[in-house]
Amino acid sequence: MKVRRTRYLRRGRPRAVLFTGAAGFVGSHLADRLLDDGYRVIAVDNLITGSEKNLEHLHDHPRFRFIEHDISEPLEIRERLDWVMHFASPASPPKYLKWPLETMRANSTGTHLLLELAREHRARFFLASTSEVYGDPKQHPQPEDYWGNVNPLGPRSVYDEAKRYAEALAMSYHREFELPLRIIRIFNTYGPRMDPHDGRVVTNFIRQALANEPLTVYGDGSQTRSLQHIDDLVEGVARYMKVEDPGPINLGNPEECTVLELARLILELTGSDSDIVFEPLPENDPTRRRPDIERARKLLGWSPKIGMREGLERTIDSFATTAAPAEPLTAARTAQA
Ligand SMILES: NC(=O)c1ccc[n+]([C@@H]2O[C@H](COP(=O)([O-])OP(=O)(O)OC[C@H]3O[C@@H](n4cnc5c(N)ncnc54)[C@H](O)[C@@H]3O)[C@@H](O)[C@H]2O)c1
């Protein structure tokens, strides 16, 4: 492991990060952290699934700039970049199923163009991949050297296979051009600024519980999820930026619970009287997911600090105090056109 002392200044100016997907849930928290750490942040997003609201508080920041742009199209940046961090992609199943081709383009053409941009600027490349590259895993928990069990033709493949392609492409640039690379595989992450309508299990349950609507459990609820709070993910990314290793590195919380346990915990924490209803399991829905985080522990000295109860309490508080955002899907179509 090579740990570098981080320098945030290059010849007297802050290091610059081009960050794609900055208006999304994960990206907006990382933009905050990068600015806190002294970087200049050029945020790029086409708002297909993100919202400018997530970045509103940064608009007057002297080291922040927002560019509305689809990263599947070439992007010219004049100022010298030190990092290209690629987090732009629809990420929740209802959204990538609604925008299958846009999802594939963001992770294929988008990744390719951004790798070229990084090469041109001699910048480091950071790729946000996903635990979905393990598909419906046959090995449990999932270490990074597990190759996965993905249906290449199923409806979810537009996301899973696109991310696998993005990893392969980034790794080829690393091998061929010695492009400095970091790949993370993010496991289910939750926290404030998630879109309440993104169709993910945590947001569905919290939104339904707060509205006293029945909580929808798919299947019998015995499938498991491992949920990571956003602050733990952000800390993992910040640490990884200081370590020269292409990865991939799993970032997730190994604390595992069944979907039914999660539903009951959210009912308890919200004090909701909602019922739980059961609906058929969607096709290729993973039955078990849990990260093996040994590599992150060793390389980054990182492990998650926020337990599920505490993390969910914080998230429920933020949902309860934030007005429901406008339905984002129609706006996103317009923004892309
Ligand atoms: N949240 C999770 O649990 C999780 C898990 C695994 C991986 N990830 C990865 O993390 C990244 C961020 O996920 P998120 O949960 O914040 O999702 P999100 O939908 O909230 O954010 C994604 C952002 O990317 C933008 N985007 C999408 N396509 C784009 C394009 N072509 N050009 C420019 N911008 C585009 C969207 O508008 C949005 O702001 C994604 O790459 C996702 O695959 C997230």
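In this predicted model, helix α5 carries a set of buried residues: Tyr159, Asp160, Glu161, Ala162, Lys163, Arg164, Ala166, Glu167 and Ala170. Helix α5 itself spans residues 157–177, 21 residues in total. From first C-alpha to last, α5 reaches 29 Å. That is close to the 30 Å expected at 1.5 Å a residue. Glutamate 178 follows α5 and has a positive phi, near 55°.

The contact joins Arg105, Ala106 and Asn107 of α3 to Thr109, Gly110 and Thr111 of α4. By class, this contact has 1 nonpolar, 4 polar and 1 charged residues.

Around the ligand, the shell comprises 29 residues. Gly21, Gly24, Val26, Thr49 and Gly50 come nearest. The elements that give two or more residues to this shell are α1 (25–36), β4 (40–45) and β7. Helix α1 gives the most, with 3 residues. By class, the shell has 14 nonpolar, 13 polar and 2 charged residues.

Isoleucine 230 belongs to helix α7. Isoleucine 230 is buried, because 22 other C-beta atoms lie within 10 Å. Beyond its neighbours within four places in sequence, isoleucine 230 is in contact with Val26, His29, Thr189, Tyr190 and Gly191. Val26 is also one of the residues that come nearest to the ligand. Between isoleucine 230 and phenylalanine 125 there are 105 residues in sequence and 21 Å in space, C-alpha to C-alpha.

Backbone geometry was examined next. Most residues other than glycine have a negative phi, and most peptide bonds are trans. Arginine 122 has a positive phi, near 50°. Arginine 122 sits in the loop between α4 and β7. Arginine 122 counts as exposed, because 11 C-beta neighbours fall inside 10 Å. Arginine 193 likewise has a positive phi, near 75°. Its place is the loop between β9 (189–190) and α6 (201–210). Arginine 193 counts as buried, because 20 C-beta neighbours fall inside 10 Å. The cut-off for a buried residue is 20 or more.

One runs from histidine 140 to proline 141, with omega near -10°. Proline 141 lies in the loop between β7 and α5. The other runs from glycine 247 to proline 248, with omega near 5°. Proline 248 lies in the loop between α7 (230–240) and β13 (249–251).

Methods:
Residues numbered from 1 in each chain as written. Predicted model: local features only at pLDDT ≥ 70, side-chain atom pairs only at ≥ 80, totals over all residues. Helix = DSSP H or I, 4+ residues; strand = E, 2+ residues; numbered from the N terminus. Expected span 1.5 Å × (residues − 1). Buried ≥ 20, exposed ≤ 12 C-beta atoms within 10 Å, placed from the backbone. Contact = placed C-beta atoms within 7 Å. Nonpolar A, V, L, I, M, F, W, Y, C, P; charged D, E, K, R; others polar. Near = placed C-beta within 6 Å.
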